[in-house]
Amino acid sequence: MFQKWKDRVTVTDIVMWMIGGTMLLLCLWGSVSTIRAGLYTSSHWIDFCIFGLAQGSIYALIATGYTMVYGVLKMINFAHGEVFMSGPFTGYFVAMAFWRSDFLDTHPVLGIIVIFGVAMFVSTMIAYFLEKIAYRPLRSAPRLIPLITAIGASFFLQYLFRGLYGSGINAYPDIEILEGFWMIFGIRVLKIQVIVIIAAVLLMLVLYNFIMLTKVGKAIRAVSEDKEAAALMGINVDAMISTTFVIGGMAAGAAGVLYALMFKQVHFFMGFIPGIKAFTAAVLGGIGNIPGAMLGGVFLGLIESVAPALFLDGLGIIAPYQLKDAIAFSMLVMVLIFRPTGILGERLSAKKA
Amino acid sequence: MAMLELKNVHAHYGKIHALKNVSIKVNKGEIVTLIGGNGAGKSTTLKTISGTLKPSSGQVFLNGEDLAKYPAHEIVKKGIVQVPEGRRIFGQLTVMENLDLGAFTSKDKKKDAQTIEKIFELFPRLAERCRQVAGTLSGGEQQMLAMGRALMTNPKILLLDEPSMGLAPVLVDNVFKTIKILHAEGTTILLVEQNARMALKTASRGYVIQTGKVIFEDDAKKLLENEMVKKAYMGD
Ligand SMILES: Nc1ncnc2c1ncn2[C@@H]1O[C@H](COP(=O)(O)OP(=O)(O)O)[C@@H](O)[C@H]1O
Ligand SMILES: [Mg+2]
């Protein structure tokens, strides 16, 4: 029994477990001292959580795109962050035109719907043509090739937007009805955060039901499992792959506008960090798994928002909030080491990668 | 005119010359079998018919129409469906979802519902398991599902690639019984098998393929008597 255990566990494993254990202990210790110091009231924690949920549901929407594309093509679409950026960036020009003409004051709901429509359309088109132009010709190439192409496409799109519209930060206009607070159960919450959460959850429900219940959704899942068998059932595999990019693009475009409305700005580089965070979320949830990506996104948003204060403040770290990205990416590394299949992931052996 | 005809078909995998001048005919209402050893080119022949591998030269005709210009998913719409080797069911989808996908090309929901009824009559086991995830089915049940899924397309001609592979003898009998039922109902069948004896007993005509070439073609009864075939493929 012990012999068997000794054969399976290497020195590296032990070191890794020690690092993992130490981090866990530090987090625990940090949390205990933070809470005992009483720096934050419960209303602070509630604020952190709601902000985390809002941020996380945006990650979740982007993450579905990563995970679905991984499903059908077994590749990480590293240009997905730029798909996310292109929508709200274009939407910005619409928003400014509306704002100048007072349309946003007179017809705010219609205005917002049009901004969403334009942004989702642009993101969708970019995702669609990205697949058609950059990935389809490489369908049978070794797996590293489309990955490198994806990184190239990501830079191309970033610098395309930079070239066209400059490298400045463009402020989204204020929209009156999204400003201010609501009182919910006696808790003061920012309207925009609640709206982001509700919109993102609704979109994810639509997306999930589409994938689970419609014929096209089932066909996409079939293509994810076995392209040749899918073709033998009369499924147009190329069309299903395109559809996957279209759905991912729509979700990313919508997420982009929610992001722009919440943070009130767009710029050519805005897709990079949320893109990598959403990728992290997809890995957390188990890449290829749609509910996993949604869960992973929400979880990552929450952790990022709560952890700096909870884990780090008590350890005496100054300005812990600056470290939220470090926390997110440490989680990515930890998951890759200790549970590469993610929270809801299938076993790697079951995967026909 | 034959319903399905392969005329001087050659096929390549890169440099590997897998089919060499293969000509096969299947008439309406027939069961034709294609037998041969491992790696002889049986599956490749079916791939050239289904369109997942295009012939490097030669043609495949369905009722006189050259299929060269159609991609695999269009060929299914023309009425040719294949149950691939190793079943290839969608293991993470439920039994019902697998059957629904068989009807992917159909727009007629009412007809699909009738077809499902028929398939459940043929394979009552699938009805019992219809909500189960297909990957958890036994080998025999997976073969039923693979056939059921293909039948959902209401094919004119059914291509079966080693349907008895890896099944216990009782289940093998079941598979061949099902083939006879489908034939009696009017489906034309091209049956690929390594189990030459069973295949030739079920079929009306047969082809023997070896290293990519058709070496014999005859009535199934005569092939059963052929000394060379007996020796090479039936272990006598
Ligand atoms: N995907 C492939 N790539 C390269 N060679 C292949 C491939 N599939 C089959 N072959 C080769 O083509 C020949 C015929 O294979 P196949 O048609 O699968 O034989 P069978 O079905 O009769 O066992 C074999 O020599 C096999 O090695
Ligand atoms: Mg074979």
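**Figure 1. The interface of chain A and chain B.** In this predicted model, chain A and chain B bury about 2000 Å² between them, 61% of it on carbon and sulfur atoms; buried area is the accessible area (1.4 Å probe) that two parts lose on being put together, summed over both. Lys215(A), Leu232(A) and Met233(A) supply 35% of the area that chain A buries against chain B, more than any other three residues. The contact (heavy atoms within 4.5 Å) takes 19 residues from chain A and 26 residues from chain B.

Residues are numbered from 1 along each chain as its sequence is written, and chains are lettered from A and ligands numbered from 1 in the order in which they are written. Local features need pLDDT of at least 70 and side-chain atom pairs count only at pLDDT 80 or more, whereas totals for chains, interfaces and linings use all residues; side-chain values use heavy atoms, with hydrogens and water left out.

**Figure 2. Salt bridges between the two chains.** Four salt bridges are found across the interface of chain A and chain B, each defined as a side-chain nitrogen of Lys or Arg within 4 Å of a carboxyl oxygen of Asp or Glu. Among them, Arg221(A) pairs with Glu97(B), the closest N and O atoms being 2.9 Å apart. Lys218(A) and Asp100(B) meet at 2.8 Å, N to O. Lys218(A) lies in helix α9 of chain A and Asp100(B) in helix α3 of chain B, so this pair joins two chains; helices are DSSP runs (H or I, at least four residues) and strands likewise (E, at least two), numbered from the N terminus. Lys218(A) is buried at 10% relative accessible area, while Asp100(B), at 21%, is partly exposed (buried, under 20%; exposed, over 50%; partly exposed, in between; 1.4 Å probe, protein chains only).

**Figure 3. The magnesium site in chain B.** The protein donors of the magnesium ion (ligand 2) are Ser43(B) (OG) and Glu85(B) (OE), lying 2.0 Å from it. Donors are N, O and S atoms within 2.8 Å of the metal (3.2 Å for Na, K and Ca); water is not among the atoms, so sites may look incomplete. Ser43(B) belongs to helix α1 (residues 42-50) and Glu85(B) to the loop between β6 (80-83) and α3 (95-102) of chain B, so the pair ties together parts that are 42 residues apart in sequence. Ser43(B) is buried at 19% relative accessibility, and Glu85(B) is partly exposed at 33%.

**Figure 4. A salt bridge within chain A.** Arg139(A) and Asp238(A) form a salt bridge with closest N and O atoms 2.8 Å apart. Asp238(A) lies in helix α11 (residues 237-263) of chain A, 99 residues from Arg139(A).
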